[in-house]
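Colleague: I have not looked at this one before. Can you walk me through it?

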Amino acid sequence: MDKGKNKLIQLYKSKKPYSDYIVFGILLIILPILVDLGIVKYSYLTTIASILIFSIVALGLNLLVGYSGLISLGTAGFMGLGTYLAAYITKDLNLPFEISLLISVLVPMVIGILTGLVSLRIEGYYLAIATLAISEILRKGFVEFEAVTNGFSGKQASYPTLLGFIELGRNGSFIMIVVFLIGIMILTYNLINSYTGRALSTMRGSEAAAQAMGINIFKYRLLSFAIAVAYSAIGGVLYMHFVKYTYPNAWTLTLSLNLLAVIIIGGVRSIPGTILGSFIVFGVPDLILKRLPIIGDIDGAAYIFNGVLIIIIILFYPLGLIHIRNDLKKLMFKFKKRKESYSEQA
Amino acid sequence: MNKHDFILKIEDLSIAFGGLKAVDSLSFEIKEREIFGLIGPNGAGKTTVFNCITQFYKPDKGRVFFKNKDGVVEDLVGKRPHEIISKGLVRTFQNIELIRELSVIDNVLVGSHIEFKASLFSQLFRLPKARKEEERLRKKAEEVLKYMGLYHIKDQLVAGQPYGILKKIELARTLMLNPKLIILDEPAAGLNDTETLELMETVREIRDKLNTTILLVEHDMKFVNNLCDRICAISFGKLLAIGTPEEIQANEEVQIAYLGKEDE
């Protein structure tokens, strides 16, 4: 009995961090069950679903900013494009979810690669502005191409049907989001620990070294943008099939900035940090602050307090809240030691 | 007689920045398995020569012939900077260019970037091909680190390592591909005497063991004189003299360039 347990622990430890990701996924999948049992409120599920979707998008942005050293303020536009394409293809064209997913990711990717071409000429603030412009062009497109986008009134879609016959409900869609997130976390982990990941880091750290070592900057910049945009678009598709409604003003600069905040607060170059950041930016106001007395009673106060909280986090953990891990470990270590010395004295 | 006993031959190389001629009709030739030093007073254009060879700068005029890994002589001028390493020519930098956020071994692994062939797909899914390739080259990186005496810190981050270690890591990174020619930009700068002596031994050993050629820029004259087989002295981008260390030391023009002219 004990031996089997030990083996399991060993397996868990040897497969890190995949095992962590999968356990995280399993915990999340329990949530809809708790909602059905009436233990957790339904609104929590919706909030957490959007946190998870934004985590996927932010992972792409983290790859772009943290690893490749590029910047984008266009994340929201690409995510929006994903939602519109998903809605148009499944609702208007009546094509299956799988085809919609493919097209809704590929089209933004092509535009993302074109953005990457821009990044070869400009950097830093200028690139930020250029990507912002692309995002605004997309948003304007959502408003103006009424025949496809339905203009200001927005567009609707339904829960996805997999393989043409598995109709997912609310819970099924939630589980699908979790599966996508965990899958993407694993793929991202693999990527950043591969030679491509090293090439991206090298490109960011020293362009001269990258070139001298045979890293084609052109290729890797385009690749970074392609991946980041693909993640945004996947996020968009998942959003469309869970929230079931999209409208132009959901995809403004505010969202792009929030996503940037996610990775800075959570931890640049950190996968769990990204998830943590997403919980703080998109979750804390609705899940925690609004439930508190006084803060929760005043309209908008939760968001103000979240702003204050974020400032405090950045003051103490400028490299991301995920680094609180090390401090907690140290604290635990101290605590253990003190306990030991007490017991020795006794 | 072998017509091409050189590994690198620079012909009439010139580059100007605005009105300043940083390198002016410079020609020299490096033989295979030679340790060749490029010296000159500050601002003589030494690093610029390096940057012209590795195509970081596009020379205005001149040619850079290099005998590549397959023994074929080709002109490097016009190639893109990232294409150079695949010819068998790798360099270090004057101001260490390492990636702080990566571990020591990962930094060294960047040196064999062009040897990785696994597709993006197989990297994403960690397919056996990608895994095996990573394992094989990681082993090689470990060997290189052992050779350089850095194995014990292989998993530490580069950030925070002392200067002498950083120089060693950068040198280790150049060894991953068994290059034909290694270009070292001020390898001894910032090292103390013991470290400099050690470096001298290492460079010599690398040449002998790996059968490679070394071109280096250095200010430390003792280092250059003790290590190099031949030296090329330049001043204001122009060639002063080429010869053995003794010849260079005795050369009047070189003395003038370094120490100034004596008044009669």
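Modeller: A definition to start: two residues are in contact if their C-beta atoms, placed from the backbone, lie within 7 Å. This is a predicted model, where local features need pLDDT of at least 70, side-chain atom pairs count only at pLDDT 80 or more, and totals for chains, interfaces and linings use all residues. Residues are numbered from 1 along each chain as its sequence is written, with chains lettered from A and ligands numbered from 1 in the order in which they are written.

Colleague: What does helix α1 of chain B lie across?

Modeller: Helix α1(B), residues 46-53, lies across β3, β6, β7, β8 and β9 of chain B, at about 145° to β7(B). Helices (H or I, at least four residues) and strands (E, at least two) are DSSP runs, numbered from the N terminus. Axes are lines fitted to C-alpha atoms, for helices over the stretch in contact, and angles run from 0 to 180 degrees between N-to-C directions.

Colleague: And what is the strand order in the open sheet?

Modeller: The order is β6-β7-β8-β3-β9-β10 in chain B, with mixed pairing. Strands pair if DSSP finds at least two bridges between them. The edge strands, β6(B) and β10(B), each pair on one side only.

Colleague: In which sense do β3 and β9 of chain B pair?

Modeller: Parallel, over 4 bridges. B:Gly37 stands opposite B:Ile231 there.

Colleague: Switching topic, how many residues of chain A are in contact with chain B?

Modeller: 21 residues of chain A, against 27 of chain B. Helix α9(A) gives the most to chain A's side, with 7 residues.
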